[in-house]
Amino acid sequence: MFDLRYHVASLAAVFLMLVVGILIGVGISGRGFVDDAERDRLNGRISDLQDQVDAATASSEDLRRRQNAAAEFVAGAYPVLAKSRLEGKRIAVLVLGAVKQESLPFVERAIEEDSGGQVARMRAVMLPLRLESVEAALKSRPELAGYVGDEQLANLGRDLGREFAAGRKTPLWEALVGEMVEERSGALADPVDGVVVIRSAEPQAGGTSRFLAGLYQGLNSTGVPVVGVEPTRVEQSAIPVFQHYGLSTVDGIDDELGQLALVLLLAGADPGDYGVRDTAKKGILPPIEPLPAPTGG
């Protein structure tokens, strides 16, 4: 997303360098190296650039006021727009890494308190995987022997993703809960209507990376909305990875805009990438469809 603040800063830097150049030029011209016409031309360039800086600064201030107004509007309208959007829907939350407070509380509040849904289950997966322990647990169950081996990690991730979203029979999660899961809540028995993915761990490599690639693919193969989210400020964004594997994405889950985007996506809005960064290819929010009128006698 284009940010006028950076444009203003760039213009200011160019302006400063040009002024320094003019001052040097004026000093040289005093010794006869630059004629008056050249000095007038350089002074004209300073004047033109100053006009550009002034215009960009004014535009940046206007943009800031508009953004603040939009944020205030969404903060006021959010409770009304989110209310009952997820009524009756069961949502699963998958945390890749340790559970932290930057995302999960906002996701849970948006789903349950603000839009009437239910967080049916949550699992936090320890990363990087303890590959030897995972393999040992799989070997102890003959029916899961087909998942043993480094070359099977993508398939293992894929089928764990499918189990997590579809529920019912979940032999892989049952076998690996002690080796992979750091925190959990809710049962895996029932299917869900959507999945939220939070990556709190750093980017992974090797076997864990292949496992995660399969996991994303498995989640996205179940036909329910799958949304990768992260807070406004992160050291290294997971959004490009989520996008690569076809998940919808929301940045800024810690503010009302991001929470509303999440609720709308889980409710069935147009999939895509939403937020305020340049990775938000579809804009800030999905289209907001009116809720059906309540029926009653």
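Me: How do the residues of the lining of the second largest pocket divide into nonpolar, polar and charged?
Reply: The classes first: Ala, Val, Leu, Ile, Met, Phe, Trp, Tyr, Cys and Pro count as nonpolar, Asp, Glu, Lys and Arg as charged, and the others, Gly among them, as polar. Here the lining holds 9 nonpolar, 3 polar and 7 charged residues. Note that this is a predicted model, where local features need pLDDT of at least 70, side-chain atom pairs count only at pLDDT 80 or more, and totals for chains, interfaces and linings use all residues. Residues are numbered from 1 along each chain as its sequence is written, and side-chain values use heavy atoms, with hydrogens and water left out.

Me: What is a pocket, and which residues lie nearest the centre of this one?
Reply: Take a 1 Å grid over the protein atoms alone. A pocket is an open set of points with protein on both sides within 12 Å along at least five of seven lines; a cavity is a set where a 1.4 Å probe fits but cannot get out; lining residues have an atom within 4 Å of a point. In this case 19 residues line the pocket, and Lys 100, Arg 199, Ser 200, Val 234 and Glu 235 lie nearest its centre. Its volume is about 430 Å³, where volume means the space filled by probe spheres set on the points, with points joined across faces, edges and corners.

Me: How many cavities of 30 Å³ or more are there?
Reply: The count is 1. The largest cavity has about 40 Å³ of space. Among the residues that line it are Asp 251, Asp 255, Leu 257 and Ile 284. Its lining divides into 3 nonpolar, 3 polar and 2 charged residues.

Me: Is Leu 265 buried or exposed?
Reply: Buried means under 20% relative accessible area, exposed over 50%, partly exposed in between (1.4 Å probe, protein chains only). Leu 265 is buried, at 3%. Leu 265 sits in helix H9, residues 256-266; a helix is a DSSP run (H or I, at least four residues), numbered from the N terminus. Contact means heavy atoms within 4.5 Å. Beyond neighbours within four places in sequence, the contacts of Leu 265 include Pro 225, Val 227, Tyr 274 and Pro 286.

Me: What is the mean pLDDT of the protein chain?
Reply: pLDDT is the predictor's confidence in each residue, from 0 to 100. The chain's mean is 86, and 79% of its residues reach 70 or more. Over residues 1-8 the pLDDT is below 50, and this stretch has 12 contacts beyond near neighbours in sequence. Where pLDDT is low, the predicted coordinates should not be read in detail.

Technical notes:
Helices (H or I, at least four residues) and strands (E, at least two) are DSSP runs, numbered from the N terminus.
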